[in-house]
Amino acid sequence: VTSRITCPRLAGRTATAEEAAALIRPGDNVGISGFTGAGYPKAVPSALAARMHAAREAGEEFRVGLWSGASTAPEADGVLAEAHGISKRLPYNSDPTLRREINAGEVEYVDAHLSHSAQHMWFGFYGHLDVAVVEVAAVLPNGLLVPSSSVGNNKTWLDQADKVILEVNHWQPRDLEGFHDVYYGTRLPPFRAPLQLTHPMQRIGDPYLRVDPDKVVAVVETDAPDRNSPLSVPGDDDRAMAEHLVDFLRHEVRAGRMPATLLPLQSGVGNVANAVMAGLADSEFENLTSFTEVIQDGLLDLLDSGTLTGVSATSFGLSPTGVQRFMSDVGAYKGRILLRSEEISNHPELVRRLGVIAINGMIEADVYGNVNSTHVMGSSIMNGIGGSGDFARNAYLNFFVSPSTAKGGAISSIVPFASHVDHTEHDVHVLVTEQGLADLRGLSPSARADVVIERCAHPDFRDQLRDYVGRARRERPTARHTPHLLDEALSWHQRYLDTGSMLDTGSMLDGGSL
Ligand code: 0RQ
């Protein structure tokens with residue numbers, strides 16, 4: 001019995017990663033732990049990938065359906081994608097190899113709202129789960145599991161899978177015990193009850209994950225770090241977007257639409273989110289709370305400075321320096337960080353009740369306020385919708401942020417018509433680019449177009465956008481609610497594909513006459 005596996009029964013099931021991977025069969029559906037590069041299994045996926053490579057060399061097919069919490073890491077999604085071993089993947093991915101295979105049509109990808117993925121499993125929408133491979137920080141004498149650096153969909157995978165493989169990772173702080181709140185009151189409709197949570201830091205569950213010991217077929221010990229991607233330094237555009245956004249929050253407080261302590265903050269992953277957190281750290285705001293998915297370095301800064309009183313999430317997503325900071329003083333964060341299952345961290349009922357302020361990145365928005373978070377040129381998946389829909393749709397106030405151009409200025413992030421829509425014009429409140437901020441609340445589509453073009457579009461593309469909307473208004477006088485020229489609506493994307501730029505250099509623009 002090692003120090004991390006103090007349950008004699010489960011200590012008796014210790015195995016190597018190879019022995020554990022041998023229990024996974026071709027065609028199985030496998031539910032793995034992991035969310036934003038935290039808490040994913042570190043050893044079994046590589047051992048499974050080795051079997052897949054061997055099968056391929058022998059001319060045999062060995063692929064599995066792979067379900068996770070969200071993105072994982074090269075040692076999980078990466079190795080399995082390299083082995084061409086994934087037939088279907090859900091609900092979120094950011095691995096570049098797997099992205100290539102999805103966009104090549106080799107892997108079926110089910111891009112689900114993260115809060116939906118667990119319940120869709122219980123509803124039977126995804127089929128049967130054969131094996132769960134879940135990383136934990138420790139196994140207690142009574143068989144309860146101390147969760148790792150993410151909770152994600154682990155509760156559901158452990159509950160629903162026929163067989164369970166545990167990875168006990170010695171790298172994870174043993175002191176993670178007490179950081180989690182796993183809700184076990186879930187019922188299926190029509191027997192659901194209200195979630196009794198009215199404050200971001202309220203506990204409604206248990207600190208431990210449960211597993212039926214009879215289902216545990218292997219316990220593998222590991223000692224390997226999470227992905228912990230380094231953060232790049234926020235650039236001028238990131239800081240400009242953060243400033244627009246923080247200023248707007250001040251404006252909302254002054255207008256009496258929000259308390260001085262704001263409302264619980266949710267922010268997506270990436271540089272802008274971190275820059276916004278840095279902007280808040282430098283601001284007069286205090287006693288803030290956060291009800292979000294991922295804890296990035298920016299949130300640790302706010303906790304350290306005392307600006308933030310607590311954060312509820314489902315996962316860490318720290319840089320190497322962020323991890324060091326957390327690891328060097330784990331106890332100081334206990335009680336101020338709660339990790340929940342993603343069905344709860346992202347729950348529409350809770351997001352709506354708490355009045356969350358949602359801040360998420362986007363690929364593009366159209367002049368009427370439809371937002372594309374997932375598809376480049378309407379067809380190639382980037383990552384997935386993640387939690388952006390869970391939060392944005394139900395938020396008190398939502399922001400979608402992006403630089404106004406991409407690919408060195410060749411692409412405008414503000415387009416006539418979004419080439420894929422994840423968040424409809426009905427759901428979107430505020431758009432932010434480095435150019436400025438468009439407050440779309442209470443505006444008709446046509447009024448929104450003027451604000452989006454003038455406040456958010458890059459100056460290089462403004463005349464082109466004015467030209468499009470102006471002609472649409474004049475040429476379709478009986479269709480002016482949301483004026484479009486259907487044969488041109490996606491022509492900017494086509495022009496980019498044909499010429500490498502959305503800039504229209506060939507025609508005389510009818511600029512300025514909106
Ligand atoms: O590609 O790296 O190849 O150059 O998209 O863009 O500007 O670095 O921004 O990292 O914040 O990502 C929407 C993808 C933005 C992200 C998205 C290209 C750009 C670059 C990344 P390169 P940036 P970000 C909680 C919330 C959905 C999930 C979500 C995302 C790459 O925010 O995945 O919100 N969101 N989850 O060049 C072509 C455009 C483009 C474009 C950007 N208009 N056309 N390419 N790019 N705009 C977290 C979770 O749910 C886990």
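Me: How many bridges join strand 25 to strand 26?
Reply: Strands are DSSP runs of E with at least two residues, helices are runs of H or I with at least four, and both are numbered from the N terminus. Two strands pair if DSSP finds at least two bridges between them. Strand 25 (residues 430–433) and strand 26 (residues 436–439) run antiparallel. The number of bridges that join them is four.

Me: What kind of model is this?
Reply: Residues are numbered from 1 along each chain as its sequence is written. Local features need pLDDT of at least 70, side-chain atom pairs count only at pLDDT 80 or more, and totals for chains, interfaces and linings use all residues, since the model is predicted.

Me: Which residue is the bridge partner of glutamate 364 in strand 18?
Reply: Strands of a sheet pair through backbone hydrogen bonds, either parallel or antiparallel. Strand 17 (residues 364–366) pairs with strand 18 in the antiparallel sense, over two bridges. In strand 18, the bridge partner of glutamate 364 is asparagine 372.

Me: Is threonine 36 buried or exposed?
Reply: Threonine 36 lies in the loop between strand 1 (29–32) and helix 3 (44–57), and its phi is near 45°, a positive value in a residue other than glycine. A residue is buried if 20 or more other C-beta atoms, placed from the backbone, lie within 10 Å of its own, exposed if 12 or fewer, and partly exposed in between. Threonine 36 has 31 other C-beta atoms within 10 Å, so this residue is buried.

Me: How many other C-beta atoms does asparagine 228 have within 10 Å?
Reply: Asparagine 228 also is not a glycine, yet its phi is positive, about 45°. Its place is in the loop between strand 9 and helix 8 (236–254). Asparagine 228 is partly exposed, because its count of other C-beta atoms within 10 Å is 19.

Me: What is the omega of the cis peptide bond from leucine 90 to proline 91?
Reply: Proline 91 is in the loop between strand 3 (86–90) and helix 5 (96–103). The peptide bond from leucine 90 to proline 91 is cis, and its omega is near -5°.

Me: Which residues come nearest to the ligand?
Reply: A residue counts as near if its C-beta atom, placed from the backbone, lies within 6 Å of the molecule. There are 29 residues around the ligand. Those that come nearest are Gly268, Gly270, Gly361, Gly386 and Ser388.
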